[in-house]
Amino acid sequence: PEEGMVYDYWFDLHNKKWVNWMETIPTFEPDARKGYAEMVVPTMDSVRMAHIIKLLITNNKHVLTPGPTGTGKSVNVAQLFSRGLSDTYQSFIICFSAQTSANQTQDALDDKMQRRRKGVFGPPTGKKLAVFIDDLNMPKKEEYGAQPPIEILRQWMDHKGWYNLKTKEK
């Protein structure tokens, strides 16, 4: 690119040229019927972040989007989940708080799963599950510094599952 930084551009493989991120989306036109708080004005950062998150999700990678409060992480991911992913994805959002427990987290995820065969659960056949956990750092630390809701997520990612709380089976 002649001007700006490489982060300001996306490389279009089809046309073999650098394209500014803002040129990859339609021009923003405010909707007069929406209230001020309902409008989301796309910025270069939000367009770039949505594209990268979508690319990672569609390539079966886990995504963590850190950043300061109020920078639009939750809004951008919610928009991506509502209209940016194909129908092959079942997506939902879990909001953590200081009172969120590991059992609540496991139950929320289990509610979105279907039994495929004995001991095997997953999203509906032909679908992939995309989960956004808002305020991941919020659960209260226990006596030894662990955050059980985060530990159950780690177990899910590391071991591809957990024990059934009712039957005590894996």
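Start by selecting Asp-135, which counts as partly exposed at 39% relative accessibility (buried means under 20% relative accessible area, exposed over 50%, partly exposed in between, with a 1.4 Å probe and protein chains only). This is a predicted model, where local features need pLDDT of at least 70 and side-chain atom pairs count only at pLDDT 80 or more, while totals for chains, interfaces and linings use all residues. Residues are numbered from 1 along each chain as its sequence is written, and side-chain values use heavy atoms, leaving out hydrogens and water.

Stay with Asp-135 for a moment: its phi is near 60 degrees, a positive value in a residue other than glycine. Most residues other than glycine have a negative phi.

Next, select Lys-16, where phi is also positive, near 55 degrees. Lys-16 counts as exposed, at 65% relative accessibility.

Now colour Phe-11 and Trp-18. They form an aromatic pair that is edge-to-face, 5.2 Å centre to centre with 70 degrees between the planes (rings of Phe, Tyr and Trp, its six-membered ring, pair if their centres lie within 6.5 Å; planes under 30 degrees apart count as stacked, over 60 as edge-to-face and the rest as tilted). Phe-11 is partly exposed at 32% relative accessibility, and Trp-18 is partly exposed too, at 40%.

For a last stop, select Lys-112 and Phe-92: Lys-112 lies over the face of Phe-92, at 5.3 Å from the ring centre (a charge sits over a ring if NZ of Lys or CZ of Arg is within 6 Å of the ring centre and within 35 degrees of the ring normal).
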